[in-house]
Amino acid sequence: MKRLYFALGIFVIIFAVIFCGTMEIEKAHSDMKTSFSSLQKSVEKGESEKAEALAEKLESKWVDYEKKLSLFVNHAEVCEIGVAVSTIKPLIKAKQFGDVLAEIKKAQTLLCHLVNIENIKN
Amino acid sequence: MIMTVTRTAILYFVVIICMRIMGKRQVGELQPSELVITILISELASIPMQDLNRPVSSGVIAILVLVLLELIVSALTLKSDIFRKIFEGKSAVIIQNGVIDQKVMKKLRVTIDDLLEGLRQAGNFSIEKVNYAVMETNGRISVQLKEDFDTATRQDMNIKSKSEGLPKVLISDGKIASEVFKNEAKKQLKEKGLKLSQVFLMTKNDLGEYFIVRKEK
């Protein structure tokens, strides 16, 4: 009977960690996706000041997510997105909008990859 | 470096707790499924310890899943004969009525050297004395000797004896093991002319006999 309780306890821990991890990834994905698309729109319109502010907001948002996501997924993949996000603001300042769009696309792809790794359908 | 130390400490405690949950077994007594789990757990624990790119949770969760599976499998093997056969296998009789079953040996891929080694480990150096030899599921060989070579018991020789029971430790390393034995231990020390600090071990059996080991100077 004692072992049954241990088994139940372990099952609850596993389920809780998987649930929290999946929810956190999904939350980060949908939140970052919205931020990326609004940033992309302002870059495409050439609104550099607005884009700069959005990039700064995006970066600080990602720093928060990075800490949480590192508990559940490979640090290298999370770090790669962080690098892509951190290069956006300097590129906007340098008015290299083509490179900014490329970095946004790169970060979006990496984020999708992160979601796909944890997707049971794959 | 600090992260490596922290991760190692976390995984060490997780593995220890998991092994305790799985139960007490010596490595040589592990069933095939338990051996697989033990090897896998050691592998899984070592990866996040060394690779700082991997989250600790990936190692911990993998270990917990294995422990959960082990608990489920052990519960199933306890309840069902079919599961027991699948996960633990069946013991096989290698020597029956003093005759070696060479077909079984071939099936188990046991050489004559393996058999002789197993018999020696079971304390039998002469195969001709063996009546039955059984290869257990954990790979050990259990042996029953022929009646003529088997050890005579007290019952065979009609010797009546009283059981000594489980000896109780009264004094351990110069300290009284339990308050219950305090007066008894002190009385014995007085009778033997010993001080508490001079005694390394004092035990008492059910027949009321005391056994004393003095401390080395």
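1. Let's start where the two chains meet: chain A and chain B share 3 residue pairs in polar contact, both residues at pLDDT 80 or more. A polar contact is a pair of N or O atoms within 3.5 Å; within protein, one must be able to donate a hydrogen and the other to accept it, and residues adjacent in sequence count only if both atoms are side-chain atoms. Across this interface the rule finds 0 salt bridges (a side-chain nitrogen of Lys or Arg within 4 Å of a carboxyl oxygen of Asp or Glu).

2. Before you read on, note that this is a predicted model, in which local features need pLDDT of at least 70, side-chain atom pairs count only at pLDDT 80 or more, and totals for chains, interfaces and linings use all residues. Residues are numbered from 1 along each chain as its sequence is written, chains are lettered from A in the order in which they are written, and side-chain values use heavy atoms, leaving out hydrogens and water.

3. How many residues of chain A are in contact with chain B? There are 15, and they touch 16 residues of chain B, contact meaning heavy atoms within 4.5 Å. The area buried between the chains is about 1,300 Å², and carbon and sulfur atoms give 71% of it. Buried area is the accessible area (1.4 Å probe) that two parts lose on being put together, summed over both.

4. A:Arg3, A:Ile10 and A:Ile14 supply 41% of the area that chain A buries against chain B, more than any other three residues. Helix 1 (2-45) and helix 3 (75-93) of chain A each supply at least two residues of the touching side; helix 1 gives the largest share, 8 residues. Helices are DSSP runs (H or I, at least four residues), numbered from the N terminus.

5. Now look for charged pairs: the whole structure has 8 salt bridges over all chains. In one of them, the closest N and O atoms of A:Lys89 and A:Glu56 are 3.2 Å apart. A:Lys89 lies in helix 3 and A:Glu56 in helix 2 (residues 48-69) of chain A, so the pair ties together parts that are 33 residues apart in sequence.
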